[in-house]
Amino acid sequence: MQAWQSPEIPRLPGKGASLRLYDTGARAVRPLEAGDTVRIYVCGITPYDATHLGHAATYLAYDLLQRQLIDAGHEVVYAQNVTDVDDPLLERAIRDGVDWRDLAERETELFRSDMTALRVLAPAHYVGAVEAIPQIVDVIGRLEAQGATYQLDGDIYFSIASDAHFGDVGHLDRTAMLARSAAMGGDPERPGKKDPLDPMLWRAHREGEPCWESPFGPGRPGWHVECAAIAMDRLGDTIDVQGGGSDLVFPHHECSASHAQVATGQAPFARCYAHAGMVAYDGAKMSKSLGNLVLVSKLRAAGAEPAAIRLAVQAARWRSDWEWTAERLEEAEQRLARWRQATAAGAGPDGGRLLQQMRDRLADDLDAPGAIAAVDEWAAATLRGEGDDTEAPTLVARAVDALLGIEL
């Protein structure tokens, strides 16, 4: 599957500091222990509707992560999936009277255009579930060989009892797991399962649904094994960062990690589990099911500059929950105008000092609001006529572009 064109990242003098990042599994901010190459997998969209600001906040968080790591001298290999066959997509296609494949391609293309407008770095590997069916089938076969699967009316399930590390990602008690499973597409109430939390690996063919041939009979893959298979195929048996929204901690990341760990015999699957916060609107989490969506494409069509949308999102901490308001966008537009006015000046305070401040803030758990505050302070001083560094405006503009993804 084709991704989108990445923007160019300006080169900056020196390099950034080593990153400390909040790890859900460790429940702490800690150094990201990675080599020269950092392998990141972030769960992508199920393309049955347009990109909303909750999506944008998630992918901007990992764009910020990529930019910080690149500035610190790492090579980043980033993979993202597209769940282009799943129940919500099929249900929406039936509702709208369209072919599910056409719906998936249409909404994936809109997502690409939104990511391009927001200047999000494209993944090196952008993989749809449909094209990954062979890899998914292979992982299920490996799990079967480990004795970690069982059949129920033709469906193939994964036994969580096969993974001694199940629960290490989210640290939830069983009651919370059961509730989250039921709310997030699981089937804990299904009779005949060995454990209500056991996730489905392969759904046997039902009349009217798409299916693919496999050693287990015709059917289609479960959600969790999709991401495990794509990540292992494109990044290896152990990755550095598993990312997504905080709503994916359980069951999705817990189960996909278990699939990978049992299939490979290695744990943990990811050295760090990083989860972005949720975005609310009108007092509730922004979600397709509730319909309280603010769509990136509609904001753009209404005249909002993508740089201002990006700046409004990054004014919140990446792993904090927050609420979108029109005032937040207005504030970002005013901030963007001040920054542009300041970087158009002939001189300003020391640009190297500001660059170091930005790097220090971003190395501390991707503190974008702290980096933004530092630019605000520099811009205000510049607009007051302070400073005589004639190279500062150009350096600051390049730093804001490279580190925050905002072109001034």
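Where is Pro268 found? Pro268 sits in the loop between H7 and strand S11 (270–276). This is a predicted model: local features need pLDDT of at least 70, side-chain atom pairs count only at pLDDT 80 or more, and totals for chains, interfaces and linings use all residues. Residues are numbered from 1 along each chain as its sequence is written, and side-chain values use heavy atoms, with hydrogens and water left out.

**View A. Two cis peptide bonds.** The bond from Ala267 to Pro268 is cis, with omega near 0°. The bond from Phe250 to Pro251 is also cis, with omega near 10°. Pro251 lies in helix H7 (residues 249–264). Helices (H or I, at least four residues) and strands (E, at least two) are DSSP runs, numbered from the N terminus.

**View B. Helix H11 and its buried residues.** H11 (residues 351–363) has 13 residues. Its buried residues (under 20% relative accessible area, 1.4 Å probe, protein chains only) are Gly351, Leu354, Leu355, Met358, Arg359, Leu362 and Ala363. They cover an arc of only 165° around the axis (directions from the helix axis to the C-beta atoms), so they lie on the same side of H11. At the helix start, a side-chain oxygen of Asp350 comes to within 2.9 Å of the backbone nitrogen of Gly352.

**View C. Positive phi after H11.** Asp365 follows H11 and has a positive phi, near 60°. Leu366 has phi near 50°, and its place is in the loop between H11 and H12. Leu366 is buried, at 1% relative accessible area.

**View D. Thr83 in its loop.** Thr83 lies between strand S4 (75–82) and helix H2 (87–96). Its contacts (heavy atoms within 4.5 Å) include Ile45, Trp223 and Glu226.

How values were computed. Expected span 1.5 Å × (residues − 1). Buried < 20%, exposed > 50% of the residue type's maximum accessible area, 1.4 Å probe, protein only. Polar contact = N/O pair within 3.5 Å; in protein donor to acceptor, adjacent residues only side chain to side chain. Lists of a residue's contacts leave out its neighbours within four places in sequence.
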